[in-house]
Amino acid sequence: MGVRQEKVEEFVPLDDKKKALKKPDKPKKPKTKFKDFKKNFSQNWQLYAFLLPALSFFFILHYIPMYGVQIAFKDFFATMGIWGSPWIGFDHFERFFDSYYFFRILKNTLILNIYELALFPLPIIFALMLNELKNGPFKKWSQTLTYAPHFISVVVLVGMILAFLDPITGLVNNAIVWVGGESVPFLTDPDWFRHIFVWSGQWQALGWGTIIYLAALAGVNPELHEAAKVDGASRIQRIMHINIPSILPTVVVLFILNIGNFMAIGFEKVLLLQNSLNSETSDIIATFVYETGLLEGQYSFASAIGLFESALNIILLVTVNWIARKTSENSLW
Amino acid sequence: MKKFGLSDKAFDIINKILVAIITIVILYPLIFVVSASISDPSAVSTGRMWLWPVDITFDGFKLVLENDAIWLGYRNTIFYTIVGTTLHLLVLLPCAYALSRKELKGKVLIMWFILFTMLFNGGMIPTYLVVKGLGMLDTMWAIVIPGLVGAWSVLVARAFFQQSIPDQLVEASKIDGASDFKIFIRVVLPLSMPIIAVMALFHAVGLWNQYFSALIYLSDENLYPLQLILREILIVNEASASAGGGGGAGGPAGSAGSFVEQVKLAAQVKYAVIIISTLPLLIIYPFLQRFFVKGVLIGSVKE
């Protein structure tokens with residue numbers, strides 16, 4: 001019984017209720033709070049121990065690197081360590097902003113991500129189409145088959161792209177030549193890079209992306225459809241006026257989450273698809289950080305560029321979330 | 001509206017046809033890869049093979065299976081996947097369970113501590129410096145540790161524990177005198193098999209498919225995971241072949257033929273390698289599909 005009472009006390013979230021319980025010794029409040037915690041801890045210390053591995057992980061591999069971000073404002077020397085290296089302020093940022101490639105990299109990053117974001121409706125449309133199919137083998141098979149590419153690794157995906165688009169032996173160019181066209185150097189032509197990147201991503205993610213929308217569509221009240229049928233609404237009208245509005249909250253939240261990954265999207269794939277001939281369009285901020293930081297060892301400079309990217313990303317996420325909250329009921333926070 | 005003219009039956013048929021076309025377009029590259037891996041390479045490179053295998057030969061697979069690097073990569077990847085997934089569960093599950101219990105104090109603060117890492121992180125270079133500082137470069141720990149647990153998994157697992165573990169059950173075991181540790185092992189875990197399967201599967205697939213940590217943290221070729229070996233076979237060689245030419249070939253006329261043969265065989269090897277590396281996932285996928293789908297849905301409930 002005593003255990004139960006303890007629980008009631010802890011469940012109270014605000015201080016004022018506690019005050020009400022312990023009015024007489026108000027000045028001693030901090031001490032009792034500490035005592036409460038001590039008691040709670042001695043009873044539940046194993047629960048606190050459960051947290052330890054995960055919290056140490058987050059501390060060491062997430063918070064220490066955050067502390068390490070300060071090298072973006074320093075002239076980092078490995079021998080002096082992060083703390084010991086001299087501060088130089090915004091020099092690295094200025095160097096980056098003034099460099100001739102700054103505009104190109106920023107432009108490439110933005111265009112690539114906006115292009116990808118523009119295809120955001122495709123899985124929604126495909127989910128609406130799948131939803132109209134009767135439950136049965138056809139629906140099941142098309143779902144199973146279109147989900148499958150999701151499990152292919154980036155390396156294999158890019159390997160397939162390179163093989164298919166090869167100028168001499170590739171499937172696509174064979175087909176182009178067969179219909180009387182001329183072989184296209186897809187992989188070394190900067191104009192093609194974005195299309196290849198974005199559409200290969202769609203190939204891989206289209207089916208998988210429908211899962212959440214299909215679940216949301218399964219939750220639509222069937223009575224709405226029945227009522228609309230009685231009123232003589234066609235299939236397309238019911239989709240437009242019942243299904244789409246029903247899944248809109250899901251759509252908004254997923255859109256914001258997509259923005260949250262905006263800048264980071266697909267960096268590992270870009271790195272694999274990149275070559276010296278298409279770098280005009282394939283150089284993005286993240287690949288540049290990798291090159292200058294890890295390949296050339298300019299740790300400070302690369303950290304500054306990475307920090308610039310994170311900052312841009314956070315500003316974007318907060319702004320979009322703010323707009324979503326103002327214009328609709330749905331937002332992340 | 002014009003749409004009225006479209007009868008529902010016509011809509012049904014058109015919709016079915018469109019879904020069929022999309023499914024075929026998505027499926028076609030996969031069939032092509034399978035067919036190309038067992039077809040005569042010259043039939044593939046000239047376009048004679050475009051759907052079903054032509055002049056079936058298993059030379060590509062033979063070459064791949066004779067390649068020690070691939071076997072080594074395979075072994076390493078299996079090892080990393082098993083160790084990484086086990087550690088993932090060992091760290092994730094207790095933490096998510098503790099955070100689902102109401103007797104734990106300071107939950108809000110702890111959740112913020114974890115969720116903040118979703119919003120902001122140190123970035124590639126500072127993380128690299130930490131991994132380096134911990135002496136993990138060129139060890140398996142560099143593959144397993146940096147992505148050990150994500151804030152997202154903690155959220156999902158915690159939501160599962162909150163929804164599916166009845167509070168009375170835990171309370172009752174406590175009154176019987178069981179410790180939290182015992183309750184977790186004997187009562188909670190047996191009830192949590194779905195979430196354990198989902199979390200393990202997602203993490204294992206991620207580990208199996210990742211190449212980037214290996215690329216930046218490993219330089220010892222004996223530690224290379226499969227994906228890094230694949231990268232060399234599928235991508236690096238391709239780039240050097242198209243950009244730099246054939247390397248150290250001998251006489252001009254005599255070796256030209258064998259060089260062409262080699263290039264063709266290399267293409268077949270690529271398709272075979274894709275099959276061999278993706279096979280385990282494709283075999284288990286149909287059986288586990290519902291778990292994966294479940295994982296996505298548990299995750300989305302949280303948002």
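Begin with chain B as a whole: buried residues make up 49% of its 303 residues, where buried denotes under 20% relative accessible area, exposed over 50%, and partly exposed the range in between, with a 1.4 Å probe and protein chains only. The model is predicted, so local features need pLDDT of at least 70 and side-chain atom pairs count only at pLDDT 80 or more, while totals for chains, interfaces and linings use all residues. Residues are numbered from 1 along each chain as its sequence is written, chains are lettered from A and ligands numbered from 1 in the order in which they are written, and side-chain values use heavy atoms, with hydrogens and water left out.

Colour chain B by secondary structure. The chain has 14 helices and zero strands; helices (H or I, at least four residues) and strands (E, at least two) are DSSP runs, numbered from the N terminus.

Next, select the spans that UniProt, in an unreviewed entry, annotates as "transmembrane region" in chain B: residues 17–38, 78–97, 109–129, 141–161, 183–205 and 269–288. Such annotations may be inferred rather than shown by experiment, and their positions are given in the numbering used here. Two of these spans can be inspected in turn. Residues 109–129 of chain B are 81% helix and 0% strand, with end C-alpha atoms 28 Å apart. For residues 269–288 of chain B, the end C-alpha atoms lie 29 Å apart and the span is 100% helix and 0% strand.

Move to helix 6 of chain B, residues 124–133, where eight of the 10 residues are buried. The buried positions are B:Met124, B:Ile125, B:Pro126, B:Thr127, B:Tyr128, B:Leu129, B:Val130 and B:Val131. After this helix comes B:Gly135, with a positive phi near 75°.

Still in chain B, select B:Arg101 and B:Glu103. Their side chains meet in a salt bridge, 3.3 Å from N to O; the term requires a side-chain nitrogen of Lys or Arg within 4 Å of a carboxyl oxygen of Asp or Glu. B:Glu103 is buried at 0% relative accessible area, and B:Arg101 is buried at 4%. Over all chains, the count is 12 salt bridges.

Turn now to chain A and select A:Glu132 with A:Arg235, a salt-bridged pair whose closest N and O atoms are 2.8 Å apart. The two residues are 103 apart and link distant parts of the chain, A:Glu132 lying in helix 7 (residues 121–132) and A:Arg235 in helix 13 (residues 235–260) of chain A. Both A:Glu132 and A:Arg235 are buried.

A further pair in chain A is A:Lys229 and A:Glu226, whose salt bridge has its closest N and O atoms 3.7 Å apart. Because A:Lys229 and A:Glu226 are three residues apart in helix 12 (residues 222–230) of chain A, about one helical turn separates them. A:Lys229 is partly exposed, at 44% relative accessible area, and A:Glu226 is partly exposed at 44% relative accessibility.

Finish on the loop between helix 3 (29–68) and helix 4 (81–84) of chain A, which holds A:Asp75. This residue is partly exposed, with a relative accessible area of 31%.
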